[in-house]
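Visitor: Please take one part of this model and go through it closely, strand by strand. I would like the definitions stated along the way.

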Amino acid sequence: MISANLLNLLPTKSTNNIYKTKMEDTNHQDSVIDIDNQGNSNDDESIIVEDGIGIKYEKLDEKTLQRLEQNLPSVVKLDIDSSIFCADDSVFKITNWKENGYCISDNTYLKELRINNSCPKHFGFAVDVDKELPTKEQLQYFFSSIHENRSIKVFEIISVSIDDEFGGWVIEGLSGHHSLKKLEIGSYIETAKLGSRVCSALGQVLKHPKSKLKILHLRSCDLDDGGCKVLSDGLLGNSTMKRLYLSGNRLITSTGWRALSTVFQSPNCNLIELELFNTGINDEGAELLGSALCGSSLKTLNLSLNKSISSRGWQTLFNQISQTSIESLNISNNRIDDAGLAALAATGTLKSLDLIDNRSITSSGWWAFFNLLQRIGTQLVNLHVSYNHIGDVGVAALGRLMGSMSTLKKLVMNNMMHLDNNITSQGWLSFFSMLQESDDDLDLVHLYLGDNNIDDEGMQLLVRLLSNMISLKYVNLSWNQSVTPVGWRAFTGFLLNPNFALEYLGLYANRINDDIVVAFASALAHNKTLESMSLEEFVDEDGNELIIEGGWDAISTLVCNESSIMGTYNSNHILHNLGDEESELLGDLISLLELNENKDKSEVARQKILQTHFPDDDTSKLQELLDMELEMMPSVMSWIGRPAHDDWKGKNVSGLSTMFNLMRRLPDLFDSSPQTQTKQSTGKRKRGIL
């Protein structure tokens with residue numbers, strides 16, 4: 001009976017965990033560390049972010065100031081718009097700089113403070129007499145609060161034009177700060193440069209004996225050789241620094257790299273991550289760097305987009321790196337050639353390697369590299385080789401390599417289709433066949449094969465391969481337009497496979513039509529893992545939409561089956577992202593997907609039931625509740641009137657109207673007369689009539 005099944009919805013002692021049991025692994029996080037950021041996945045980083053994970057930055061306004069003053073735990077991250085320092089038309093104005101500063105200095109819950117730019121003026125003192133700008137004294141009151149606060153772990157100044165003198169005073173005041181672990185001065189505007197005063201202050205902060213800094217971001221700050229010298233002197237006296245980010249500083253010459261190299265060679269240096277993306281480093285600088293890193297503690301190095309390094313420079317650097325313990329290397333968007341790639345193969349400690357867009361490497365070079373890795377042995381966990389001239393010869397060698405290794409968890413091979421010497425459909429067939437026939441069971445977590453020449457036959461082989469991967473969580477097959485509906489129907493078999501545990505499925509811009517989407521929806525009816533599936537840009541050669549009303553209706557029914565209360569309860573409450581599709585045919589589906597974003601899946605189911613079956617102006621479904629035994633009514637009432645979550649996403653109905661309509665039809669429940677009590681004890685009562 002339906003009324004009996006409704007017992008499963010109620011929070012009784014015997015049934016209150018039924019939905020939790022069904023959905024217990026819904027929010028399970030990927031247990032495999034993404035080695036791209038392995039340097040960030042340890043205790044040092046968690047010290048900084050443990051109190052702020054999943055918490056959004058609060059904007060500084062009157063209400064936030066009040067919460068800061070009351071020292072409430074609700075303000076953990078604070079974002080201050082720099083307009084309050086330099087413009088009289090800012091959204092929020094500080095009226096009492098000294099008192100407002102105390103709100104920060106005395107707060108014990110604030111962990112992260114960020115100052116963001118929305119104003120072209122320098123802050124530090126008034127620069128325009130026609131505007132009501134704060135004085136230097138007022139600003140000192142405010143920034144002294146940061147110096148005195150004992151809970152802030154992260155302080156960021158993002159794209160703010162810093163007056164050198166005042167900025168130096170602000171940074172210098174951080175020397176020996178009680179709790180500061182991360183300092184970022186990230187400047188992405190022309191006038192935001194580090195002057196000599198600020199650099200000098202940074203040096204003092206770094207070499208202070210009580211410094212607790214572990215992370216220093218100085219991206220795109222026009223750091224030059226003089227700044228590098230001051231920074232290096234400070235780092236030589238610092239043993240706590242773990243991560244240094246200097247990307248985008250293109251004024252550094254060999255003189256600056258020589259100064260920094262002394263830091264990396266120092267026995268006092270404990271750096272584990274170094275980011276030098278787009279610094280313009282040349283052969284001489286790369287050789288100085290490589291020599292200094294030999295024997296260092298460094299684990300993660302980013303040298304992407306440094307096209308001033310020649311083939312010979314890369315060969316020298318890779319020979320030096322082979323003598324280090326580096327585990328993660330990003331050298332994407334460079335001019336590495338076949339000879340340089342061959343030299344890289346000797347680095348046996350690598351677990352993550354990013355070689356995206358190195359198109360000077362030929363298919364023969366890739367073939368040689370993958371063969372070398374197979375012969376020497378490799379510990380690779382993550383491999384990124386998108387946008388390269390790998391070709392059929394190279395991908396065959398990669399197939400043999402992957403068939404002989406058990407460590408690989410992430411493979412990214414996007415954007416091969418439009419390149420010369422790309423991987424053909426036959427090349428993909430060979431690749432998938434090799435992997436399927438390998439002795440070792442390949443068990444990836446991430447697989448990205450977007451924008452390639454995979455066809456129907458290749459898709460059928462891929463489905464067999466994926467069906468054996470029990471750990472697979474993320475798959476991207478976007479822009480594989482050689483796959484027809486025949487191939488995508490075969491892919492439905494993967495969605496039905498018992499091993500299917502995907503959390504993300506990228507299908508952007510494929511030849512997927514209405515019938516295929518209906519089949520996908522049917523296959524996902526009982527799925528408890530898939531959160532995101534991009535169903536966008538599905539058009540034919542003439543630009544006509546391939547998904548029409550039937551496909552979107554099927555997805556709507558998947559996430560909210562309106563046929564019955566139990567049908568709604570058993571719907572898919574996990575899928576919440578279909579990409580950026582804005583079709584008018586989506587209708588109520590958008591609001592249903594928003595409901596699915598909430599973590600409490602039991603409440604998601606309750607909200608869908610209330611909104612679908614018990615709207616305020618419809619009492620037709622109340623009989624199903626009235627048919628339940630009277631002793632269940634307290635639990636029914638509790639379930640209907642459960643209070644809403646404060647952080648609820650999407651529509652949230654209270655259920656009070658339903659409760660009122662139900663109470664009107666159950667007068668016996670509120671009648672304490674002896675006759676009613678006798679009637680209740682014998683289990684006999686008059687049913688409600690609608």
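Guide: Strand E1, helix H4 (residues 62-69) and strand E2 form a β-α-β unit that is right-handed, meaning that, with the strands pointing away from the viewer, the path from the first strand over the helix to the second runs clockwise. Helices (H or I, at least four residues) and strands (E, at least two) are DSSP runs numbered from the N terminus. The model is predicted, so local features need pLDDT of at least 70, side-chain atom pairs count only at pLDDT 80 or more, and totals for chains, interfaces and linings use all residues. Residues are numbered from 1 along each chain as its sequence is written, and side-chain values use heavy atoms, with hydrogens and water left out.

E1 covers residues 58-59 and runs parallel to E2, to which 2 bridges join it; two strands pair if DSSP finds at least two bridges between them. Within this pairing, Lys59 lies opposite Asp79 of E2.

E2 is also joined to strand E3 (residues 112-116), again in parallel, by 5 bridges. Here Leu78 has Leu113 of E3 as its bridge partner.

To recap the strand pairing, E2 runs parallel to E1 and parallel to E3.
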